[in-house]
Amino acid sequence: MISYDVFYVMIICEWKFCKDPAQVIANDFFFFGLNIPGNMRNKNGLNITLVNIDNLVGLNTLDISLACIDYAPYAVISPHTHPRGTELLVVIEGTLLVGFVTSDPNKIFTKVLNKGDVFIFPIGLIHFQINIGETAALAFTSFNSQNPGFITIGNAVFGSNPPINPDVLIKAFQLDKGVVEYLQKAIAPN
Ligand SMILES: *[C@@H]1O[C@H](CO)[C@@H](O)[C@H](O)[C@H]1NC(C)=O
């Protein structure tokens, strides 16, 4: 059962004012620059360009959005979930190992994808991607939500602000206190 405040936050994130129809222009439906290769020189080796309601207002109420992802060799998109959207991924360049895990039982569905391959991550399920090739990879991904949301599991669990009480994480993950403290420090938001 979802708590009221989380539900409320989801609603206010999804909801945008409608523009006065007389003021709508072609550029409200336009976004450019996805031809420009993303710079992957950062610690994760990833460059994710989101095209969603925050930068393309014409998406309002249309239940669709897009992302363009550049992966350096061996870059990983950590296990995460999109609480409001199913994801459809198309590989344009490179080789990705991808997968998602169902809720109960926790069965994994995984696949190696090459150029031209398509994979679906059903709404809400935890999934991941890794570039297993020796070259950069490029993928486009679309969502049936104007604002699908993005929750990285490790960050939510070990990097919340303020932190989750370590006793919860020690029991939940059967870890030593030192390991929990290490993870909370390593993943803590800056
Ligand atoms: C993604 O690539 C763009 C274009 O090169 C660059 O301006 C931006 O800083 C990059 N983002 C990250 C997180 O590296």
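Predicted model: local features only at pLDDT ≥ 70, side-chain atom pairs only at ≥ 80, totals over all residues.
Residues are numbered from 1 along each chain as its sequence is written, and side-chain values use heavy atoms, without hydrogens or water.

**Ligand site**

| Residue | Atom of the residue | Distance to a ligand oxygen |
|---|---|---|
| Asn39 | backbone N or O | 3.0 Å |
| Asn42 | polar side-chain atom | 2.9 Å |
| Asn47 | polar side-chain atom | 2.3 Å |

On its own, the ligand has 360 Å² of accessible area, and the protein covers 42% of that. Areas come from the Shrake-Rupley method with a 1.4 Å probe; for residues, only the protein chains shown count as cover.

**Surface patch**

Ile48, Leu50 and Phe150 make a nonpolar surface patch of about 260 Å². Phe150 sits in the loop between β9 (137-143) and β10 (151-152). Strands are DSSP runs of E, at least two residues, and helices are runs of H or I, at least four, numbered from the N terminus. Phe150 has a relative accessible area of 45%, so it is partly exposed; buried means under 20%, exposed over 50%, and partly exposed lies in between.

**Around helix α3**

Asn165 caps the N-terminal end of α3 (residues 166-173). Its side-chain oxygen lies 2.9 Å from the backbone nitrogen of Asp167. Just after α3 comes Gln174, with a positive phi of about 55°. Gln174 lies in the loop between α3 and α4 (177-187). At 73% relative accessibility, Gln174 is exposed.

**Backbone geometry elsewhere**

Asp63, a residue other than glycine, also has a positive phi, near 60°. Asp63 belongs to the loop between β1 (46-51) and β2 (65-71).

Cis peptide bonds come next. Asp104 and Pro105 are joined by one, with omega about 5°. Pro105 is in the loop between β5 (96-101) and β6 (108-113). Another joins Asn161 and Pro162, with omega about -5°. Pro162 falls in the loop between α2 (153-158) and α3.

Definitions and conventions
Patch = residues over 30% accessible without salt bridge, like charges linked within 9 Å, V, L, I, M, F, W, Y side chains within 5 Å. Salt bridge = Lys/Arg side-chain N within 4 Å of Asp/Glu carboxyl O. Buried < 20%, exposed > 50% of the residue type's maximum accessible area, 1.4 Å probe, protein only. Polar contact = N/O pair within 3.5 Å; in protein donor to acceptor, adjacent residues only side chain to side chain.
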